[in-house]
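Let's take a walk through this structure together. Have a look at it first, and then we'll go from one spot to the next.

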Amino acid sequence: MSAQVIIQREDGVARVVIDHAAKSNALTGALLVELYEALEELSLEPVPQAVVLGSAGDRAFVGGAFIDEMAALDKVSAREFISRVHRACDALRRFPAPVIARIQGHTLGAGLELAISCDIRIAAEEAVFGMPEVRLGIPSVVEAALLPRLIGAGRARWLLLTGNSIGARQALDWGLVEEVVPRESLDAAVDGVLKALLASGTAALRAQKL
């Protein structure tokens with residue numbers, strides 16, 4: 001596994017870390033494949049009781065797709081990139097245990113799609129959320145379809161059509177995230193949710209996951 005996707009296991013928890021901090025953890029096609037493969041590997045027995053999806057550095061959770069790679073896509077390679085985004089998001093949604101998104105900094109485009117594919121989202125106060133692809137002439141055609149059930153159709157259209165971003169407190173008000181905490185308290189907040197999950201029965205958690 002490349003160092004761009006790191007798996008850490010501890011006491012029933014798996015932490016999956018996207019490590020592309022020099023480029024705001026932007027998603028390349030290869031990184032998306034690695035993320036999908038990491039999740040598939042973890043979904044095999046023994047399955048962890050919970051997964052935390054995080055990323056390196058303080059600047060961004062995932063700042064979107066890697067723009068240099070996007071600029072070089074043609075019709076065929078663009079379709080393949082979109083498929084890789086979908087596969088990674090789908091692996092998060094169908095993972096047989098709860099997945100927590102640990103969010104700091106910018107969470108944009110495909111990064112927001114990854115976040116909303118998780119079961120629980122905990123964000124630092126300085127986190128920023130948006131779907132800016134429309135400003136680059138690119139429609140959001142993958143997991144953006146999940147947004148309306150979280151924040152309502154009108155707010156979803158606002159994000160997708162304007163390309164504007166919102167801060168963490170507004171994201172909490174809209175229902176896009178479940179908790180917002182100071183940056184220095186982010187890990188403690190994630191650990192608090194993990195404690196509650198680990199106190200529950202594994203089979204019950206799997207059955208409870210919607």
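Is arginine 84 buried, partly exposed or exposed? With a relative accessibility of 26%, arginine 84 counts as partly exposed; buried means under 20% relative accessible area, exposed means over 50%, and partly exposed is in between (1.4 Å probe, protein chains only). Before going on, a word on what you're looking at: this is a predicted model, where local features need pLDDT of at least 70, side-chain atom pairs count only at pLDDT 80 or more, and totals for chains, interfaces and linings use all residues. Residues are numbered from 1 along each chain as its sequence is written, and side-chain values use heavy atoms, with hydrogens and water left out.

Back to arginine 84. Its side chain meets that of glutamate 80 in a salt bridge, at 3.0 Å from N to O. (A salt bridge here is a side-chain nitrogen of Lys or Arg within 4 Å of a carboxyl oxygen of Asp or Glu.) Both residues sit in helix α3, residues 75–93, and they are 4 residues apart, about one turn of the helix. Helices (H or I, at least four residues) and strands (E, at least two) are DSSP runs, numbered from the N terminus. Glutamate 80 is partly exposed too, at 36% relative accessibility.

A search of the whole structure turns up 13 salt bridges. Aspartate 187 is partly exposed at 39% relative accessibility, whereas arginine 102 is buried at 11%. Then there's glutamate 125, which forms a salt bridge with arginine 169, the closest N and O atoms being 3.2 Å apart. Here the link runs from the loop between β7 (120–124) and β8 to helix α7 (residues 168–174), with the partners 44 residues apart. Salt bridges that share partners also join Glu40, Asp90, Arg93, Arg94 and Glu143 into one network.

Now for the inside. The largest nonpolar core has 52 residues, and Leu35, Leu53, Leu114, Phe129 and Leu176 touch the most other members. Such a core is a set of buried Ala, Val, Leu, Ile, Met, Phe, Trp, Tyr and Cys residues joined through side-chain atoms within 4.5 Å. Helix α1 (residues 29–42) gives the largest share of this core, 7 residues. Take leucine 35: leaving aside neighbours within four places in sequence, it is in contact (heavy atoms within 4.5 Å) with Val5, Val16, Ile18, Leu53, Ala88 and Leu114. There's also a second, separate core of 14 residues, with Ala50, Val52, Val181 and Leu186 among them.

What about disulfides? A disulfide is a pair of cysteine sulfur atoms within 2.5 Å, and by this rule the count comes to 0. The sulfur of cysteine 89 is 8.5 Å from the closest cysteine sulfur, in cysteine 118, so the two are too far apart for a bond. Cysteine 89 is buried, with a relative accessible area of 0%, and cysteine 118 is buried as well, at 4%.

Finally, step outside. Aspartate 11 is found in the loop between β1 (5–10) and β2 (13–18), and it is exposed, with a relative accessible area of 73%. Its C-alpha atom is 9.9 Å from that of alanine 50, 39 residues apart along the chain.
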